[in-house]
Amino acid sequence: TVQPVTTREPVTQPYTEYSTIDSSDWMHNNISYEPNSEEEMEDEEREYHHHSTTLSPAQRKHRELIEENVETGFMFASKAIVQLITNPFVGPLTHRIGYSIPMFCGFIIMFISTVIFAFGRSYSVLFVARALQGVGSSCSSVSGMGMLAERYPDDKERGNAMGIALGGLALGVLIGPPFGGFMYEFFGKTAPFLILACLALADGCLQLLVLQPAVNKMEEDEAPSLKALISDPYILVAAGAITFANTGIAMLEPSLPIHMIDVMKSEKLQQGLAFLPASISYAIGTNLFGPLGHRMGRWKASLIGLAIIGISLMLVPLATSFHQLIIPMGALGFAIGMVDSSMMPELGNLVDLRHAAVYGGVYAIGDVAFCLGFAVGPSLSGLLVKTIGFRKMLNGIGLICLIYCPFLMYLKNPPAKSTEEKNDENSHLVFGEKTKVKYANFDDQLMEDTKVYMESK
């Protein structure tokens, strides 16, 4: 016989202020928590219901990524900020001891920071390692650019040499993201940094063999002061172009991978490969416009490049898949290569025309301009994405690049300073008397020495 199934009526309990919260709701990671007061219980209940009912899993993930954007941005910016502070000290240092020793010190610091990255686990340790990279990069970049400008006094040859050097920078940027994404995906965090440390060690050995670091003192009377260089409007226009050209890509470095996770659901490998088109095209742009910028006019190459940067930044947020990022990112990298490979030699040319042929100070300013973009970009990107969104942020910086373009027309025919103006700028007072200033031009120096000799007779 089939027994009839009887159902028991649920026992209704009188509703109380806390009857909706089960005891398990107060458990998190097997740690029991007991509220201390009724007010605290009300706050916890409100927070619990807010997170469990009002936000979907996708919304909670989006919220976490936005918060992560801020922390990642500050870590990216720490290197550029430290490099920004260090550059004004490295430039004058190269005037006193030459370029080779600061460059070798940069290698040592970069090697140490890479090893810290390999074994660091906490955010604070990684933050310190990233900041330490700023000191090493400052020593290497200011010394390297100054050394090239000194070894290649001809403007065309200098442009070619700096295009190759910036191509080396592009090679690191080209290999870095996909290499890091691949190694992290399959071998973990430590492996890629140990490989980089070995490469840095090989670079140090090459410097010892080829450059043979040693003190090479320069006469300080030859070097223009940082104040004189900073007050030169033509140098400021060139430096501004470098800053705005690199701010956009600096904003994308921390924010684009998180945007890809949030919108495109991309894997780690795709996040690294997203910067591959920009890196390849940057390498092409720097090597192409090193010599080509000299022919067409460096100001014109930079103006066109800055305009392309502005348009490309506005196109990046329109991409809804990984493949749609290829064209705007490729155009962005090529255009940044146009600006960098044109304005870096132009800084050396402006010093030759308007100051003295000593380059540590002006390339300290050039590196400050570069670092300013990579300091402001990542540090602001997280906050801007959080407040106004990814698209409005890139549209804003793209518009700024377009507005800055007309200023580059001032570099079309920069006037040269006369010998007397250079003399007044580079002279120093010793016991109320002006010390003798060596001229960059041999004929002017010979005439001055003859004049002094005749007066002594």
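**Figure 1. Overview of the predicted model.** The accessible surface of the chain is about 24200 Å², and carbon and sulfur atoms account for 64% of that area. The model is predicted, not experimental. Its chain contains 16 helices and four strands. Of the 457 residues, 44% count as buried.

**Figure 2. The largest nonpolar core.** This core comprises 65 residues. The members that touch the most others are Leu252, Leu256, Ile309, Leu325, Met329, Tyr363 and Leu411. Two or more residues each come from α4 (123-151), α5 (155-187), α8 (233-264), α10 (276-296), α11 (298-315), α12 (326-354), α13 (360-387) and α14 (390-404). The largest contribution is that of α8, which supplies 15 residues. In soluble globular proteins, nonpolar side chains tend to be buried together.

**Figure 3. Surroundings of Leu252.** Leu252 is one of the core residues that touch the most other members. Apart from neighbours within four places in sequence, Leu252 contacts Pro257, Phe275, Leu313, Val316, Met329, Leu332, Phe390 and Leu394. Met329, one of these partners, is likewise listed among the core residues touching the most other members.

Figure 4. Ser302 is located in helix α11. Its relative accessibility is 0%, so Ser302 counts as buried. With neighbours within four places in sequence set aside, Ser302 is in contact with Met338, Val339, Ser342, Met343 and Leu408.

**Figure 5. Salt bridge between Asp352 and Arg158.** Two salt bridges are found in a search of the whole structure. In the one shown here, the closest N and O atoms of Asp352 and Arg158 are 3.0 Å apart. Asp352 belongs to helix α12 and Arg158 to helix α5, and the pair links distant parts of the chain, 194 residues apart. Asp352 has a relative accessibility of 25% and therefore counts as partly exposed. Arg158 is buried, with a relative accessible area of 0%. Side chains of opposite charge can pair when their charged atoms come close.

**Figure 6. Salt bridge between Asp232 and Arg354.** Here the closest N and O atoms of Asp232 and Arg354 are 2.8 Å apart. Asp232 has a relative accessible area of 3% and is buried. Arg354 is buried too, with a value of 9%.

Figure 7. Phe74, Tyr123, Phe127, Leu372, Val376, Leu380 and Leu383 make a nonpolar surface patch of about 540 Å². Helices α4 and α13 each provide at least two of the patch residues. The most come from α13, which gives four. Phe74, also a patch residue, lies in helix α2 (residues 57-97). Phe74 is partly exposed, its relative accessible area being 37%.

Notes:
Residues are numbered from 1 along each chain as its sequence is written. This is a predicted model: local features need pLDDT of at least 70, side-chain atom pairs count only at pLDDT 80 or more; totals for chains, interfaces and linings use all residues. Side-chain values use heavy atoms; hydrogens and water are left out. A nonpolar core is a set of buried Ala, Val, Leu, Ile, Met, Phe, Trp, Tyr and Cys residues joined through side-chain atoms within 4.5 Å. Buried means under 20% relative accessible area, exposed over 50%, partly exposed in between (1.4 Å probe, protein chains only). Contact means heavy atoms within 4.5 Å. A salt bridge is a side-chain nitrogen of Lys or Arg within 4 Å of a carboxyl oxygen of Asp or Glu. Patches are made of residues with over 30% relative accessible area and no salt bridge: like charges are joined within 9 Å, nonpolar side chains (Val, Leu, Ile, Met, Phe, Trp, Tyr) within 5 Å. Accessible areas come from the Shrake-Rupley method with a 1.4 Å probe; for residues, only the protein chains shown count as cover.
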